[in-house]
Amino acid sequence: MRDIVNISQQVFEPLKSLTSLQISNLKTDLQYFLTLLKPFVGRNMSEIFLDSVSMHRKKVYQITKGFLGVKDTKYLVNICLNSFTLINSYITYIYPNAMGGSPVWRSCLRNLKISDNPLEGSSSELYRLLNYKNLETITVNNAFRGCNRFEEFPSFMGANISKVASSSEIPVGVTKVQMNKVYNNTLAQNCTSPCQIITVPKNLKSINFGRLINSLPLDKNLQFVGAENLEYANVEDSGFHTCVGNIHGLTSLKTVVFSGNKMRDLSETFFDGFSGLETLALSKCLIQRDFMAFHSHRLFQNLKELRQLGLSFNSLNAFSNATFSFNSNLQFLNLSDNQFNYLPFNLKHTPELRVFDVTNNSIITINVDARHELDRLALRNGGFRLFLRGNILSCGCSDLLFLQWLKNTLVELDQGGNFSCIDKDGERSYTLCHQDLESLWRPCWGQYFLSIAVIIVCLYVIVFFIVFLYIKRKTFIITYFLQLLGHFHLRSRQDYKIDVFLGYSDTDYRFPCQDLRAYLEDTLKLTTFLNDRDLLATLNKASGIVEAINSSWRVLLVCSEGFLKDEDWSLFTMRSAMYAQSPANPGRVVVMVHQRCLRLLPTELLSAVEEDNILVVSEWKISYEMGEMLRTRLS
């Protein structure tokens with residue numbers, strides 16, 4: 001029944017077989033309405049559902065208007081109900097004995113939901129509800145606060161989460177740490193002192209006390225007894241803080257919603273007692289970023305069955321190494337609305353991951369290894385969803401491969417793969433505007449490859465120059481490096497008995513023996529050796545020539561046409577001079593040749609003598625130019 005304004009006192013008396021009663025938007029006092037339930041006393045009913053049954057539409061402070069006492073519930077608690085729901089009826093206070101002592105409800109009641117009522121009082125009184133030993137679900141939530149909803153796990157992640165959120169027949173509850181004043185003299189096993197013992201109905205599967213408690217520290221060890229079937233716990237936005245105690249007895253829990261609590265003080269072993277946990281929501285918990293940067297791997301280490309994890313709205317920017325290395329079953333991960341500028345863990349640790357939400361972070365790009373792992377996960381798991389909206393990505397030249405990956409990846413991206421980005425000019429753009437990657441290569445990489453080309457050309461020039469210098473100044477270069485190595489000294493003119501050995505042809509002797517000799521001896525004041533003058537008749541000619549060459553500072557070969565063509569001794573002199581070359585006396589051999597005879601110079605002589613020491617003359621006559629060339633080469 002909906003939107004009823006007036007209801008008579010005998011309205012339910014004819015309904016002898018009614019098993020389910022649902023009332024919505026009834027403008028009458030709840031206390032009055034509960035007196036109308038007298039005809040149902042002693043009967044079995046599956047459900048009584050009351051939504052917005054109140055004369056008022058705001059919080060009521062008057063005595064008897066927002067209060068429920070024993071007189072108000074005397075008929076209700078004597079109906080054998082399977083499920084009772086009281087929503088948005090502006091109840092402020094429920095007396096401790098109003099619902100806690102009924103033997104009928106103790107044996108019958110399976111599901112209890114009191115939601116969206118501005119309840120006040122001590123949270124420890126909630127423990128009275130656990131007197132109903134057959135309870136399977138308890139929901140007492142949304143008593144205060146602004147009701148910030150945390151969408152941790154979207155509907156596509158599976159029916160279990162969406163059903164828990166919407167159906168009163170499916171567990172929507174939480175194990176209650178808030179019952180902090182229930183003590184037992186005997187501490188349970190594994191719970192070290194100081195410890196609190198909390199006994200819950202053995203059939204309890206779900207408990208929800210979200211947005212119900214103002215402030216409660218979790219700094220003591222807790223032991224839950226009888227929670228073997230408890231699978232769902234929701235204490236979101238309930239003022240829990242100082243989460244440094246250890247919790248035992250909740251190994252059967254599969255889902256915990258802890259979002260909105262204050263976990264600034266958090267022990268890295270806090271979740272060790274939740275070994276069977278599959279879904280964990282920790283959104284907007286004020287978890288310290290430094291704690292997660294150093295201890296995140298240990299925090300989740302014992303949650304080996306974890307499949308869904310929400311850590312949004314925590315201002316996190318880093319995880320410690322090996323985070324999720326023990327959580328290989330993880331399928332959904334929500335890191336949205338944090339401050340990560342990269343994917344903060346190794347995706348190889350989560351081979352079953354199917355959905356990864358990093359919206360509204362500070363991610364600029366995804367590195368190569370992470371991209372390869374994302375593609376591998378998409379192939380392995382038959383699909384992968386990555387949420388990137390709200391990040392200002394980079395679409396500059398350094399991230400062309402990332403843009404190419406966004407275009408071609410097998411990963412399913414939100415927003416059709418079109419995200420805000422900053423281009424190479426610092427302007428805001430969108431990734432879809434840069435799909436023509438071919439056109440970006442030239443402006444992005446043209447300058448880079450031009451620089452490489454210039455460097456290569458410069459290297460070619462340098463190598464050519466070095467080779468040229470080596471060919472031209474081979475002896476000098478060898479001499480220089482030998483000097484650098486030490487124990488080597490250049491020989492000077494004073495180390496030789498003869499200044500200049502003159503090699504010439506017997507047929508062309510006039511110029512070398514007369515004009516040239518006179519210039520060297522008279523003008524340059526050099527001592528000379530001439531075969532016709534200085535070679536002793538008693539010596540073997542060959543030995544005399546070799547000895548004279550080895551004793552000379554310079555060897556000047558006058559390569560006339562006769563010297564180059566006719567005489568064997570000329571060839572012998574030429575080769576002896578070449579063999580006398582050494583690093584200790586570079587530039588020892590000087591060749592004087594007529595320009596008509598250049599083509600007759602043997603290759604072996606050209607390769608042995610430096611180009612600067614080959615003097616080309618136009619006539620066999622001492623001129624000023626010839627004199628200066630001789631002075632610079634022989635002195």
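This is a predicted model: local features need pLDDT of at least 70, side-chain atom pairs count only at pLDDT 80 or more; totals for chains, interfaces and linings use all residues.

Colleague: Good to know. How many helices and strands does the protein have?

Modeller: The protein has 17 helices and 29 strands. Helices here are DSSP runs of H or I with at least four residues, strands are E runs of at least two, and both are numbered from the N terminus.

Colleague: And what share of the residues is buried?

Modeller: Of the 635 residues, 49% are buried. Buried means under 20% relative accessible area, exposed means over 50%, and partly exposed is in between (1.4 Å probe, protein chains only).

Colleague: Which residues touch the most other members of the largest nonpolar core?

Modeller: Phe-33, Leu-37, Phe-84, Phe-356 and Leu-386 do, in a core of 114 residues. Helix α8 (residues 400-408) gives the largest share of this core, five residues. A separate second core has 24 residues, including Ile-498, Ala-580, Val-589 and Val-593. A nonpolar core is a set of buried Ala, Val, Leu, Ile, Met, Phe, Trp, Tyr and Cys residues joined through side-chain atoms within 4.5 Å.

Colleague: What does Phe-356 touch?

Modeller: Leaving out residues up to four places away in sequence, Phe-356 touches several residues, among them Leu-333, Phe-345, Phe-384 and Leu-386. A contact is heavy atoms within 4.5 Å.

Colleague: Switching topic: where does UniProt place the transmembrane region?

Modeller: The unreviewed UniProt entry places that feature at residues 448-471. In the model this span is 100% helix and 0% strand, with its end C-alpha atoms 35 Å apart. UniProt positions are given in the numbering used here, feature names are shortened, and annotations may be inferred rather than shown by experiment.

Colleague: Which residues form the nonpolar patch on the surface?

Modeller: Ile-455, Leu-459, Ile-462 and Ile-466 form the patch, with about 380 Å² of accessible area together. Ile-466 sits in helix α9 (residues 437-472). Patch residues have over 30% relative accessible area and no salt bridge, with like charges joined within 9 Å and nonpolar side chains (Val, Leu, Ile, Met, Phe, Trp, Tyr) within 5 Å. The areas come from the Shrake-Rupley method with a 1.4 Å probe, and for residues only the protein chains shown count as cover.

Colleague: How many salt bridges are there?

Modeller: The count comes to 20 salt bridges, each a side-chain nitrogen of Lys or Arg within 4 Å of a carboxyl oxygen of Asp or Glu. In one of them, Arg-298 pairs with Asp-272, the closest N and O atoms being 2.7 Å apart. That pair links distant parts of the chain, 26 residues apart, with Arg-298 in helix α6 (residues 289-299).

Colleague: Is Arg-298 buried or exposed?

Modeller: Arg-298 is buried, at 18% relative accessible area.

Colleague: Which residues does the salt-bridge network join?

Modeller: Lys-254, Glu-278, Glu-305 and Arg-307 are joined into one network through shared partners. Arg-307 is partly exposed at 25%, and Glu-278 is partly exposed at 23%.

Terms used
Residues are numbered from 1 along each chain as its sequence is written. Side-chain values use heavy atoms; hydrogens and water are left out.
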